[in-house]
Amino acid sequence: MGLFFKRLGVHLRKAGAETWQVCFNSGDALFAPRRNRISYLGTPEAWHDDVRRLLKELSIDTVMLFGDCRHYHRVAIEVAGELGVAVAVFEEGYTRPHFLTVEEGGVNDFSKISKDPGFYRKLTALGPDPETVVVKGAFRRMAFQASCYYMAMEFGRRWYPHYQHHRDRSPYREAGYGIRNVIRKFAYRFSERGVDDKMKGEWGQRYYFVPLQTECDAQVRVHSSFISMTHFIITVMNSFARHAPEASLLILKHHPMDRGVTNYSVTIKALARELGIEDRVHYYHDIHLPTALRNTLGTITINSTVGISSLVHAKPTLVLGRAMYDIEGLTCKGMGLDRFWCEARKPDPKLFRSFRRYVLCTTQVSGSFYTGFPNVDSLLQRLPVPGNHSEKSVQGKRAI
């Protein structure tokens with residue numbers, strides 16, 4: 001995540017903690033401080049024993065990491081749990097774009113957030129909403145830092161010979177994706193002109209909205225039964241053709257981070273032709289997300305956080321995977337895809353307000369991994385450290 005964890009380490013040390021940063025490849029090392037930097041040169045198979053030894057030798061009491069589905073992270077979380085070491089998992093914000101997530105033990109479907117609607121209905125006041133820092137220009141900085149990361153990882157491969165990345169590690173292919181992303185963005189800006197107006201006008205309240213996720217999304221692999229986005233698309237389109245009202249439309253939106261990597265146009269067109277719904281299915285890349293959500297009949301997702309945005313707009317939402325917000329009374333939990341088209345239910349507004357306030361006040365920190373570093377006091381309050389959750393509570397703590 002670029003310089004984020006390096007900067008976090010600086011703030012933690014200023015607050016009195018001792019920190020170490022583990023590097024699995026040269027990209028990690030590029031963004032890690034020289035002070036207390038640990039290069040892991042072992043194999044993925046040896047990581048279980050090695051991280052156990054590391055946590056014991058350094059007397060670590062808190063592990064911090066981004067995401068909880070990658071091999072190295074899952075193993076570290078497992079071992080930390082066995083040793084009684086706290087784990088703080090960082091992730092993109094549940095309520096994007098101006099927040100990031102910090103939870104103890106896991107995020108998304110691994111989150112400890114209650115899925116009992118009664119829990120939220122009984123909640124009393126949680127205090128004011130967190131301060132919001134408006135995040136701007138994050139994509140450019142993310143793209144630059146990601147490019148530097150992949151280049152460093154590739155050219156420093158010989159120093160970390162056993163490292164196994166969770167996705168394609170070629171900087172040349174990543175650069176190609178980036179160039180294609182820019183070209184397609186400008187092309188779609190021209191070819192998709194007028195679509196937002198159609199969603200607000202003639203198509204308004206006539207279409208179902210399907211936000212696609214990235215092909216390599218760990219949430220899809222780990223927290224759903226779908227083997228790919230193509231599998232998901234085929235499932236949704238087949239059900240739509242058989243069970244949706246004849247006058248309804250289906251709009252699928254490509255994930256912006258996957259614009260330069262994948263394109264499902266051929267698959268969608270061929271399947272729509274086969275199912276006899278060519279005039280009812282539309283596939284876009286850069287339509288305005290709030291407009292799409294505001295004017296839809298309902299949203300269908302695997303487990304994207306767009307589902308939470310759909311609930312913000314009080315729209316019926318169906319989760320086909322597993323998600324922390326898939327709660328009876330909020331989503332159409334347990335309804336099934338074939339029934340959703342005609343029986344979709346709107347979320348309980350009072351329940352959603354309580355759920356959203358709880359999530360904001362317990363797991364969200366305003367800021368970005370790339371721009372607008374979060375307020376340090378707010379960030380420290382989210383970290384799973386003993387004490388009163390103030391700056392004094394991290395004094396003497398040892399984090400990795």
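A disulfide is taken here as a pair of cysteine sulfur atoms within 2.5 Å, and by that criterion the structure holds zero disulfides. This is a predicted model, in which local features need pLDDT of at least 70 and side-chain atom pairs count only at pLDDT 80 or more, while totals for chains, interfaces and linings use all residues. Residues are numbered from 1 along each chain as its sequence is written, and side-chain values use heavy atoms, with hydrogens and water left out.

Burial is judged by relative accessible area: buried means under 20%, exposed means over 50%, and partly exposed covers what lies in between, with a 1.4 Å probe and protein chains only. On this scale C23 is buried, at a relative accessible area of 0%, whereas C148 is partly exposed, at 25%.

Turning to the chain as a whole, the chain has 16 helices and 13 strands, where helices (H or I, at least four residues) and strands (E, at least two) are DSSP runs numbered from the N terminus. With 400 residues, a compact globule would have a radius of gyration near 21 Å, and the 22 Å of this chain agrees with that; the radius is taken over C-alpha atoms, and the globule rule is 2.2 Å times the number of residues to the power 0.38. Along the principal axes, the C-alpha atoms fill a box of roughly 65 × 55 × 35 Å. Buried residues make up 52% of the 400 residues. The accessible surface comes to about 18,800 Å², of which 53% belongs to carbon and sulfur atoms, as computed by the Shrake-Rupley method with a 1.4 Å probe, where for residues only the protein chains shown count as cover. Contact means heavy atoms within 4.5 Å, and among contacts between residues at least 6 apart in sequence, 66% join residues at least 24 apart.

The interior can be followed through its nonpolar cores, each a set of buried Ala, Val, Leu, Ile, Met, Phe, Trp, Tyr and Cys residues joined through side-chain atoms within 4.5 Å. The largest has 49 residues, of which W47, V63, F355 and I400 touch the most other members. Among the elements that give two or more residues to this core are β2 (21-23), α3 (47-57), β4 (62-66) and α15 (349-363), and α4 gives the most, with six residues. A second, separate core of 29 residues includes M237, V281, I302 and L318. Leaving aside neighbours within four places in sequence, I400 is in contact with residues including W20, V22, I38, L54 and V63.

Strand β7 (residues 207-211) is largely enclosed by the rest of the structure, because five of its five residues are buried. In a regular strand the side chains alternate between the two faces of the sheet. Both faces of β7 are covered, with Y207, F209 and P211 buried on one side and Y208 and V210 buried on the other. Two strands are said to pair if DSSP finds at least two bridges between them. Five bridges join β7 to β8 (residues 249-253) in the parallel sense, with P211 opposite K253, and two bridges join β7 to β10 (residues 298-301), also in parallel, with F209 opposite T299.

Strand β6 (residues 99-104) is mostly covered as well, five of its six residues being buried. A hairpin joins β5 to β6 through six residues, and the two pair in the antiparallel sense over five bridges, with E91 opposite T101. Three bridges, again antiparallel, join β6 to β12 (residues 364-366), where the bridge partner of T101 is Q364.

Two further residues complete the tour. F139, found in helix α6, is partly exposed, with a relative accessible area of 44%, and touches N181 and M257, not counting residues up to four places away in sequence. D258 has its place in the loop between β8 and α11 (265-275) and is buried, with a relative accessible area of 4%. Leaving aside neighbours within four places in sequence, D258 is in contact with Q213, T214, E215 and Y264.
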